[in-house]
Number of protein chains: 8
Amino acid sequence: MSYETDIHDLLEAYKSGDLSEDEVISRFHRLNVTDLGYACLDHDRSLRRGFPEVVYCEGKTIPQAASILTVLASRHANVLGTRASRELYETVKPDLPEALYYEQARLIVLEKEPLPKDPDHKIAVITAGTSDVPIAEEAAVTAETMGNEVMRIYDVGVAGIHRLLGRVEEIRSANVIIVIAGMEGALASVVGGLVDKPVIAVPTSVGYGANFKGLSALLGMLNSCSAGVAVVNIDNGFGAGRMASIINHLR
Amino acid sequence: MSYETDIHDLLEAYKSGDLSEDEVISRFHRLNVTDLGYACLDHDRSLRRGFPEVVYCEGKTIPQAASILTVLASRHANVLGTRASRELYETVKPDLPEALYYEQARLIVLEKEPLPKDPDHKIAVITAGTSDVPIAEEAAVTAETMGNEVMRIYDVGVAGIHRLLGRVEEIRSANVIIVIAGMEGALASVVGGLVDKPVIAVPTSVGYGANFKGLSALLGMLNSCSAGVAVVNIDNGFGAGRMASIINHLR
Amino acid sequence: MSYETDIHDLLEAYKSGDLSEDEVISRFHRLNVTDLGYACLDHDRSLRRGFPEVVYCEGKTIPQAASILTVLASRHANVLGTRASRELYETVKPDLPEALYYEQARLIVLEKEPLPKDPDHKIAVITAGTSDVPIAEEAAVTAETMGNEVMRIYDVGVAGIHRLLGRVEEIRSANVIIVIAGMEGALASVVGGLVDKPVIAVPTSVGYGANFKGLSALLGMLNSCSAGVAVVNIDNGFGAGRMASIINHLR
Amino acid sequence: MSYETDIHDLLEAYKSGDLSEDEVISRFHRLNVTDLGYACLDHDRSLRRGFPEVVYCEGKTIPQAASILTVLASRHANVLGTRASRELYETVKPDLPEALYYEQARLIVLEKEPLPKDPDHKIAVITAGTSDVPIAEEAAVTAETMGNEVMRIYDVGVAGIHRLLGRVEEIRSANVIIVIAGMEGALASVVGGLVDKPVIAVPTSVGYGANFKGLSALLGMLNSCSAGVAVVNIDNGFGAGRMASIINHLR
Amino acid sequence: MSYETDIHDLLEAYKSGDLSEDEVISRFHRLNVTDLGYACLDHDRSLRRGFPEVVYCEGKTIPQAASILTVLASRHANVLGTRASRELYETVKPDLPEALYYEQARLIVLEKEPLPKDPDHKIAVITAGTSDVPIAEEAAVTAETMGNEVMRIYDVGVAGIHRLLGRVEEIRSANVIIVIAGMEGALASVVGGLVDKPVIAVPTSVGYGANFKGLSALLGMLNSCSAGVAVVNIDNGFGAGRMASIINHLR
Amino acid sequence: MSYETDIHDLLEAYKSGDLSEDEVISRFHRLNVTDLGYACLDHDRSLRRGFPEVVYCEGKTIPQAASILTVLASRHANVLGTRASRELYETVKPDLPEALYYEQARLIVLEKEPLPKDPDHKIAVITAGTSDVPIAEEAAVTAETMGNEVMRIYDVGVAGIHRLLGRVEEIRSANVIIVIAGMEGALASVVGGLVDKPVIAVPTSVGYGANFKGLSALLGMLNSCSAGVAVVNIDNGFGAGRMASIINHLR
Amino acid sequence: MSYETDIHDLLEAYKSGDLSEDEVISRFHRLNVTDLGYACLDHDRSLRRGFPEVVYCEGKTIPQAASILTVLASRHANVLGTRASRELYETVKPDLPEALYYEQARLIVLEKEPLPKDPDHKIAVITAGTSDVPIAEEAAVTAETMGNEVMRIYDVGVAGIHRLLGRVEEIRSANVIIVIAGMEGALASVVGGLVDKPVIAVPTSVGYGANFKGLSALLGMLNSCSAGVAVVNIDNGFGAGRMASIINHLR
Amino acid sequence: MSYETDIHDLLEAYKSGDLSEDEVISRFHRLNVTDLGYACLDHDRSLRRGFPEVVYCEGKTIPQAASILTVLASRHANVLGTRASRELYETVKPDLPEALYYEQARLIVLEKEPLPKDPDHKIAVITAGTSDVPIAEEAAVTAETMGNEVMRIYDVGVAGIHRLLGRVEEIRSANVIIVIAGMEGALASVVGGLVDKPVIAVPTSVGYGANFKGLSALLGMLNSCSAGVAVVNIDNGFGAGRMASIINHLR
């Protein structure tokens, strides 16, 4: 039931006199929410957006995260848990036997009704180095779970520019491009200058001292001299995957 | 005995000749203080302010913190220990058997004479997410211990704005509002725009990379476009609880 | 007309069939707003909160700010313009002859129906130095316009602590306290330790080099060792005045 | 002539013996570039990407910027100059009489062959306040010049959330959304939670002290709790307009 | 042998023909240095300055630090090791049985010929809180080892200003004052305003989130509104002790 | 009249019945203060500390600063105005004809009864470069006004270390040393290693880009590898002069 | 096979008709690269530059790093692994028995055909303290592996300037100089002023609090008042070694 | 007369009895320095290093800078003034008629005996954009004045990578390379990966908001994923030119 349906029903009930004015107002915004005390699950959102419901697991206790995942799985076919530990996965597995765990990406994926993927609208996930791969996998698996064909191109940073140039045509064949880089983050600018597709840049906290936990790559990407580049948070592979997926489903 | 009483007695003793001028001056400021060497307990403050005496336990050794709590408990009915470890609690328990430990809030609470609570002057404690709950509990239990009715509304962050809108009337019924959020801290601005009560905002260190240990939420809340919002330190649930309690006791 | 009235009328019109469901939804949130293209005036807010409508004038062109002030003045008795230049004041004066300009505070105040002030609930505005006075005046005049008795205590910074100590009783007689200081902002902590009333701290950008445009005072106040202190943005006298006024009207 | 054509011609000439191996390599990358000494114009890029050629005018002298604009106008139908002063506009106007100047947006626009706009794929440009309008206009005019229908929704910041809620359906009708906000930048998170379209967030340097020239809004937007939000540089209306346009032309 | 003696001997040997010009130059600066490969011990410095030789142990391996301490002890009566672990102490103890270990201060002290202390020139070491005591002990023991009478006054922070005021005369009796505080560091300003003796301020990394590992106290102290305050590095109790000792030995 | 005298008189008056208890308390801290509304002049402080009264003129309006200077001059022989503009000087000159203006140092100095200077206790003021001279002059004139013989040694930065080495004996003859440097501030460490006198370091905002308005020199000096160095605020020549003077008057 | 050879072969094959135009373009940039999925090894680079191939091991899993090292060793005589753990070394040792592990420097070095070293072109590696030695060893061993004679001069920081002065001639005999220092990094400026050779400065994260993980030394070195100093990343001994080696091989 | 000659003469005079021991020591370091009071000119340095004497003019008054330039010109054939205003140039021109002024580079150059240039050892100066040209000219003219052939390659930033690739051979023909870029500074990494010559990177303060006055380019360059890159201060074209020249004169 979508938000639109809910509001329609409320108004109908009010018109018919089944609900008083006060009751209408009080119920107005509360439908489609499950309140667990420490969490307030918004089932409506996932329905409205056509994507799996997502749980950010870090900062929650194992029992809290496990309950949230289980409740969501009872109402949604597809559920994604990000920044999930293996311990959390082992905890929910008895209840969610179909769930998979992606170690590098730290994702728990439950895909009872996988979303269709359009091979003509691919998302390319590109990394500057091998150390960026865990964040890249978080982006790639997120995008796949949300119904996108993903092409992985790893370790093509600008220190050896011809590795990148050798794969330009491949990259240009994608519809949306995610660039993941630490250190100075220059790869986003170079890729942005080579393609006419949107580039989502993810700075990573990979690097020596003055990287300052990703600040150098973050500033580098924000200041990209190439237009057509927008940036998500440091190490936020999930956010990049979701943003790319939203763009990739536009027609 | 308050500061006012002390100064009166000193002046009397001086007038009657019991104390020399020098003695008056030297005793002037020292009454009502217990000096443990490493700590200088100010019994007067708690009396003057009508609140339990509070011990910030972090950065003190277990024996130091335990002594301070025990000495205070010998002179005050209600004592609060913040940022307290379970180990500290186990250490003081034999001496303070009525003391309780709130795990999430990391508080030790001794409430031999609980302060009265006025149900018509509630404090609402609102969080953006589940990960903010430990700080929220620190604020809520602090406020309760200081004699306030507390209403908890958790996980209503702005990413799903109707979760919040569904509870606006409830929030408006509070006298003072504490908003606790990490990431961008936007919840403070949105709540501030919806109510005409004071909002105490607590930034938390919850979030991905460029959160920079709470800096993003801190700056977000300080720059709130809603007036009627003031901010305490990052993760400082105690400070918010106490500030809200002081405001809530004004008449 | 308040938000509550609006929603009532809409629901009535819907019930009676005067409005279709679609029309109800579309009108639902739009009442009580005047759209000037570059500004979207929210008349409802001021009514709901019992305060004058406020215009932040900085960053707007003179014609924009002047139009906004004039439109608001046509629907509200009291209007406040913050960060207003004298040039703006001269521009609006022909249309708003009762408006006053406070040079130091940079405020334009239109008070056709001054709000009543309760002499038993004063707000104290305290500064560390003379250089903090413009921000203090912004806070004080804001609070006065919003219906508060204000007590000004200026230049009592901690470098000469007995200046402050000599006025403690006066300060304690206030219901809410605003402390304004640059440099290290220590005054907030000292005042916070001397009173049992809420302290709103305003860091200012006054000081030598490593003040970093108010950062030192901001961090100092956020890290205040006294509880009962909350902080607003650097140089934000208006925000402090409004926050103090909201608190001061609680009963 | 595109990059692909160039490389084809070079290879043909080499095969036929018209060019030696050395000549092929040396000419390989240099076609389609005009070297002015202080600037190296890349005509190929604009052709390849289907957009007007863009000149970032700030930091260039008036004569440099004017020459670059004129040279580009001699080879391209549409040219855009960003961060352009009125003085620059007056300088180039005799040579480019069709050029327009957008004062607020600081753009020089030459549109001899305006690009077609698809009314079913709109870009919404939303601001939190009136002070954000100049950056919004830079984004909006950029997007229009690049062939997009633009819908402007200004001054709907979260301090008065129902202003925004009243226009949600309108916003949802857009294909791509640009959100422009200073202060805490919360509008991006709230909009991101209400739509299922990509949101490009532009932090602005509007605000009081601890805004730190846009840092607060930047961090706020990067840490947005809503997925589907990506960020460009502070005050970078052009970058947002171009990114949105690239996304809006995907099918 | 001091630097002055060395240069005299070199010149004599040169005059007498015992050393060639080249040899003079090459030996010129190298006397009184023991080179251990990884460390270059400067015996001359300690002689010249009348203080024990000091070893900063952090960042050195246990064997390196132990060797340095042992070599110095073979040529100097008094040696001080700062930031020393208990493990290091256990390692050097067999070789330096008279050495003492100060756990809180993390100091190893070898005092074979304790320096005389002048009871009329005391150094006061004052802390804001109990958590600052370890740094205070580092300062106090350093000063004692360097031949100073030390007066400890702990936990008299400004949140309860009368604790401090009660001890002003005691503090004024010192010749040099060290103030150690975390959080906002306000104690330095208050003390600086109460005395006419030099105040050495030590910011500590004690505090909640926006303390940023001592930055708030550091900036607070640097921006002290009281003159007569100078600052050393965060948590640098040793530096404060040594600076105070140098000042305290001036006549 | 000193603070000590005041308190004695108050107590006497109380004992004799001339003052009630309440009156004693209220007068207790207020003597020796002149309240100008925007400024609260603390005459007692200067008397107690044996130094001229000092006015920080920046951030005050010309009339405010002029009044403060004039009032102080009516009660004190010696007055110092820091960060004073020539315009302010011209304003006060008719009232204070003996006042001098030091252009580079931006100081107004009124010295009706110059303090005696001890030629055996000199303060050395050393700069790394010529650009640091204005701050050095602020320090030097401040120290002179407070009764100190000053020795100026300018432009002996570490890039040409033998310039400094050639003057070591001269520097060692001083009792207190002020080192003023921008850029990396290395001069403080080098001087600190060459002398056994206290070094007050003043970072300046002189330098290229990554100097960040003095931050590089500030951090450099705080992290000095030489003990015996303490730091005052960026460009704070006055603070250094006063600190050095306080130290230089110790016996 | 170098890049130059590859392009020649491709063009020949195209001319002879062995390769179609499309095949030429697709193969153009891809030769001499081994793709392991998570890493894309660029053999050509090392050949072209005459240096060993280098693997940055941090952030890679042990199996990933081990595979990369082994594949490189199968095609190159000399391989260097930086930031390598002992565990990684133990893993690769069975496959690469000639490989050595440098514990302090955290380097794995495989040198089957050591590069020749020119004794007339030495690189000096100088540290301020003993704690900087691990970074110095990373620089020194890197430079040696790349074919340079290295001279180590450790613990000659500026706090005892004559330790440094005694070794100036030795330092001047080097062709390139690496200066490694934490704290304030002043050594780079002093050395830069004493020599006329290029100085590569490496800031280290050694030091007390306000060192901020190397920031103080980094800013200090960037702001060096001596010309002829350039800086690499914090703790980046490898980068300094390689930069020095490149310079040292120029003729 | 070099430092070596000076020390020889001093020792000779001492041996012959013409100078007492004290006189030797006192004269030891002071030769070859002209003291102007506010400046201490070190003639020896320029002789020793074989380069023109350089004056950093910013932060000096016009008369100070003019005197320094004139004194140096009286003893040296070649003098360079950096960050010089046209006003300064007009002031010195009557005294130094051969001096030239480079407007963009802000350099005053006096070249009475131009240093020889070796055409086989060129320095390449490369910029990312047109806005970087003033800094590039400062570097280029500095290098030319110090006796180097310079090759200028401007506006070849990575947003259009083939502009750069078309000039790789030209760049590789240089002996030392200076890369100048603002925004994200990615050009340094890309060039560093394409050449086997030392790259000196200069971050510039060119760019939109989050460039933070060059910080983004600075961090980007320090974190360059290409080895063989070292960095000088933001906008420090002079430093890069001098560093490159020192390297370029090595044989």
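Student: Where is G:K213 found in chain G?

Tutor: This is a predicted model, and in it G:K213 sits in the loop between β10 (199-203) and α10 (215-222) of chain G.

Student: What makes G:K213 count as exposed?

Tutor: Exposed means over 50% relative accessible area. G:K213 has 56% relative accessibility, so it counts as exposed.

Student: And what is phi at G:K213?

Tutor: Positive, about 55°, although G:K213 is not a glycine. Most residues other than glycine have a negative phi.

Student: Which loop of chain B holds B:M183?

Tutor: B:M183 lies in the loop between β9 (176-181) and α9 (186-194) of chain B. Its phi is near 45°, again a positive value in a residue other than glycine.

Student: Why does B:M183 count as buried?

Tutor: The cut-off for buried is under 20%. B:M183 comes in at 18% relative accessibility, and therefore counts as buried.

Student: What does F:H121 touch, leaving out residues up to four places away in sequence?

Tutor: E:R251, F:E149, F:N175, F:N248 and F:R251.

Student: How do you know that the pairing of F:H121 with E:R251 is a polar contact?

Tutor: The distance cut-off is 3.5 Å between N or O atoms. Here the backbone oxygen of E:R251 lies 2.6 Å from a polar atom of the F:H121 side chain.

Student: How do you know that the span of helix α4 of chain F agrees with its number of residues?

Tutor: Helix α4 (residues 62-75) has 14 residues, and at 1.5 Å a residue it should span 20 Å. The end C-alpha atoms are 21 Å apart, which agrees.

Student: Which residues of α4(F) are buried?

Tutor: F:Q64, F:A65, F:A66, F:I68, F:L69, F:L72 and F:A73.

Student: Last one: how do α6 and α11 of chain G cross?

Tutor: The axes of helix α6 (residues 133-145) and helix α11 (residues 237-248) come within 7 Å and cross at roughly 35°. The crossing is right-handed.

Student: What residues meet there?

Tutor: From α6(G), G:I135, G:E138, G:A139, G:T142 and G:A143; from α11(G), G:G237, G:F238, G:G241 and G:R242. By class, that contact has four nonpolar, three polar and two charged residues. Glycine counts as polar, so G:G237 and G:G241 go in that class.

Note on methods
Residues numbered from 1 in each chain as written. Chains lettered and ligands numbered in written order. Predicted model: local features only at pLDDT ≥ 70, side-chain atom pairs only at ≥ 80, totals over all residues. Heavy atoms only, no water. Axes fitted to C-alpha atoms, helices over the stretch in contact; angles between N-to-C directions. Helix = DSSP H or I, 4+ residues; strand = E, 2+ residues; numbered from the N terminus. Left-handed = near helix turned anticlockwise from the far one by under 90°. Contact = heavy atoms within 4.5 Å. Expected span 1.5 Å × (residues − 1). Buried < 20%, exposed > 50% of the residue type's maximum accessible area, 1.4 Å probe, protein only. Polar contact = N/O pair within 3.5 Å; in protein donor to acceptor, adjacent residues only side chain to side chain.
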